[in-house]
Amino acid sequence: MSNLLTWKEVPKGAFLEKPGNAADYETGDWRSIKPVWIAENCIQCFRCWVYCPDAAIMTKDKKMIGIDYKHCKGCGICANECPAKPKALEMINESDSGDN
Amino acid sequence: MANLKQLSQQEEFFTPGHRMCAGCVAPVVVRQVSMAAGDTPVVIANATGCLEVASTIFPYTAWRAPWIHNAFENASATLSGVETAYRALKKQGKIDKKVKFIAFGGDGGTYDIGFQSLSGAMERGHDIVYICYDNGAYMNTGIQRSSATPQFADTTTSPAGSVIPGKIQWRKDLTAIMAAHNVPYVAQVAPSHFNDLITKVQKAIAVDGPAFINAMAPCPRGWRYDTREGIEMTRLAVETCYWPLYEVEDGQWKLTYKPREKKPLTEWIKKQGRFRHLFTDENKELLEQFQQRVDEEWEKLLRRCGEM
Ligand SMILES: Cc1ncc(C[n+]2csc(CCOP(=O)(O)OP(=O)(O)O)c2C)c(N)n1
Ligand code: SF4
Ligand code: SF4
């Protein structure tokens with residue numbers, strides 16, 4: 001669950017002090033299926049990165065390094081578009097992920 | 001040619017944590033526009049619609065750039081004003097930074113209700129880039145037909161049934177109408193073809209004067225397809241020639257991508273619930289009519305682009 005602000009924490013006068021603060025809001029709990037990255041299959045083509053609606057593919061120094069589960073909504077676009085053979089992204093049911 | 005690895009090192013002006021539906025393709029368009037803009041300082045205006053509503057739920061904003069929302073019908077007028085103020089400040093020597101201005105609007109906010117303000121901004125020659133994310137209906141209020149909705153699509157205000165077979169009219173060709181404004185740059189894009197999209201947005205930003213870009217942005221709720229196929233959806237729209245990729249630069253029409261083999265229209269529409277009623281025996285004729293019109297429009301475009 002994202003942390004909801006209390007009435008005392010909500011900024012006064014509808015003023016937002018931090019541009020892009022939506023990044024602090026976690027949409028990961030929307031997921032019912034989740035992408036799993038299989039690093040050894042990855043060809044580092046960045047297709048998943050360029051197509052993710054939620055900027056939830058993490059990269060560092062020009063390398064795909066994994067998935068930001070705090071924001072990934074589980075749409076499955078990345079796994080669908082991954083051209084690696086065998087695929088480097090696979091969708092699994094959240095309930096099978098052993099996380100909860 | 002867009003180098004994705006290079007682009008991944010820039011900060012984007014649109015963050016995760018926005019509340020667009022899972023699999024919505026509009027944020028993919030916005031992200032790719034951001035990749036194209038790179039570190040150019042931009043001011044963004046947003047028409048009312050899913051993108052505006054779901055990116056700025058108080059007390060959050062998904063925008064890292066200066067952003068303004070005014071109303072549904074006047075994103076272009078609003079941005080014209082901002083751009084004019086910038087020019088005035090520049091003339092007075094109060095600002096020396098080079099700033100670019102980008103508007104985003106849905107198809108309802110662009111083809112219909114924002115149409116006259118868009119037309120006016122283009123005619124007056126403001127240095128703005130208007131980007132329509134065309135999801136083919138008024139999605140934010142629950143899938144009402146717009147003038148961008150494809151013929152025969154089932155929407156809540158063009159319900160397919162015994163009275164009508166979905167939307168009756170053919171869609172408005174807004175990209176061509178914008179080209180008729182004789183502005184320096186007009187293009188049609190799809191996020192599946194990200195190289196094409198990024199190159200065109202870079203051209204649009206570089207141009208001194210108005211530019212218009214029409215981007216197909218599928219909506220899994222309104223089109224009724226599996227969320228994982230959002231990008232496949234625009235790829236098929238391009239491959240079937242329903243949504244051709246082209247640009248009009250200083251009046252010159254140019255096809256920027258020609259499918260190797262034109263796919264039958266059914267490959268695109270059979271994946272979408274909004275066209276399901278077309279696959280019955282009694283509607284077979286409509287399906288043929290649909291394909292025929294796509295063929296005609298495609299040939300018209302090929303002629304305009306000097307390809308036949
Ligand atoms: C003048 C006015 N009329 C109606 C509305 C209600 N309204 C809000 S969003 C919306 C639909 C927007 O559709 P579109 O521009 O296609 O963008 P989408 O939601 O599909 O992204 C409507 C009708 C409004 N905000 N202002
Ligand atoms: S499942 Fe969707 S939201 Fe999650 S990383 Fe893949 S493309 Fe992004
Ligand atoms: S799309 Fe697949 S192969 Fe390409 S970078 Fe992503 S995980 Fe790797």
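Me: How many nonpolar, polar and charged residues are in the shell around ligand 1?

Reply: The shell has 5 nonpolar, 9 polar and 2 charged residues. Ala, Val, Leu, Ile, Met, Phe, Trp, Tyr, Cys and Pro count as nonpolar, Asp, Glu, Lys and Arg as charged, and the others, Gly among them, as polar. This is a predicted model, where local features need pLDDT of at least 70 and side-chain atom pairs count only at pLDDT 80 or more, while totals for chains, interfaces and linings use all residues. Residues are numbered from 1 along each chain as its sequence is written, with chains lettered from A and ligands numbered from 1 in the order in which they are written.

Me: Which residues are closest to ligand 1?

Reply: Gly49(B), Gly106(B), Gly108(B), Met139(B) and Asn140(B), out of 16 that surround ligand 1. A residue is near if its C-beta atom, placed from the backbone, lies within 6 Å. α5(B) gives the most to this shell, with 3 residues.

Me: What is the class make-up of the shell around ligand 2?

Reply: It divides into 10 nonpolar, 2 polar and 2 charged residues. Cys52(A), Ala56(A), Cys72(A), Cys75(A) and Cys78(A) are the closest.

Me: Why is α2(B) called oblique to α8(B)?

Reply: Their axes (lines fitted to C-alpha atoms, with angles from 0 to 180 degrees between N-to-C directions) come within 8 Å and cross at roughly 55 degrees. That makes α2(B) oblique to α8(B), because under 35 degrees is roughly parallel, over 145 roughly antiparallel, 65 to 115 roughly perpendicular and the rest oblique.

Me: By class, what does the contact of α2(B) with α8(B) have?

Reply: It has 9 nonpolar, 2 polar and no charged residues.

Notes. Helices (H or I, at least four residues) and strands (E, at least two) are DSSP runs, numbered from the N terminus.
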